[in-house]
Amino acid sequence: MASTAKLSIADMHCNATALRKASRRVTQLYDDALAPTGLRSTQFAILVEVADAAEKPFTMAELAATLVIERSALGHTLRPLERDGLIVLQEGEDRRQRHVVLTPKGKAKCREGVRAWQTAQDRFEEVFGRSEANALRSTLLSLAYNDRLAKVKD
C-alpha cells in the first residue's frame with residue numbers, strides 16, 4: 001500500500017467504509033480526467049446510460065434503477081445537465097412519466113467525455129491490473145444489482 005494514511009481497525013471490518021473509501025479514490029481519478037470536459041464522473045455515467053438507451057429512452061424511474069440511485073437524487077443530478085442543454089426531459093404517455101433524452105449537444109459532450117474517461121480507465125488498469133479490474137468490476141456490479149443487499153432483512 002503506497003499511502004501514508006493509517007489503516008484503522010474500522011477499515012478492516014466495515015465493508016461499507018472500505019467500499020466508500022475506494023469509491024471516493026477512484027472517483028477522484030475519473031473526475032480528474034473528466035475535468036477538462038466540464039463533467040463529473042456521475043454526470044458522465046448518466047450521459048452514457050442515456051446515450052445507450054437512445055432507441056427507447058429511459059423514464060426517470062428506469063434510469064434511477066439502472067444507476068442504483070434514489071429517484072430524488074437522480075433529479076438533483078440531472079438539473080445541471082438539463083440546464084446546460086445536454087439532456088431534455090420529455091413527457092411520456094402518462095403525464096407523470098418523464099423520459100430522459102440526450103440532445104445533440106449532449107451527444108457531443110458524451111463523445112468528448114469518452115476520450116477523457118478512457119484516460120482514467122487506462123490509468124486505473126495500469127495501476128490495478130487489467131484482469132484484476134475486470135474481476136473487480138464484475139464483483140462490484142453483482143453487488144450493485146443484488147436486491148438482497150438493499151435491506152438487512154429479506
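Start by selecting Leu 143, which sits in helix H7 (residues 130-144); helices here are DSSP runs of H or I with at least four residues, strands are runs of E with at least two, and both are numbered from the N terminus. Leu 143 is partly exposed because its relative accessibility is 37%; under 20% relative accessible area is called buried, over 50% exposed, and in between partly exposed (1.4 Å probe, protein chains only).

A word on what you are viewing: this is a predicted model, in which local features need pLDDT of at least 70 and side-chain atom pairs pLDDT 80 or more, while totals for chains, interfaces and linings use all residues. Residues are numbered from 1 along each chain as its sequence is written, and side-chain values use heavy atoms, with hydrogens and water left out.

Next, the charged pairs. Select Glu 125 and Arg 130, a salt bridge whose closest N and O atoms are 2.8 Å apart; the term needs a side-chain nitrogen of Lys or Arg within 4 Å of a carboxyl oxygen of Asp or Glu. Which of the two partners is buried, and which exposed? Glu 125 is buried, at 10% relative accessibility, whereas Arg 130 is exposed, at 56%.

Move to Asp 31 and Arg 40, whose side chains meet in another salt bridge at 3.1 Å, N to O. Asp 31 is buried, with a relative accessible area of 13%. Then pick Arg 148 and Asp 154: their salt bridge spans 3.0 Å, N to O, and both residues are exposed. These pairs are among the 6 salt bridges found in the whole structure.

Finally, zoom out and display the cartoon. The C-alpha atoms fill a box of roughly 50 × 40 × 25 Å along the principal axes, and buried residues make up 29% of the 154 in the chain.
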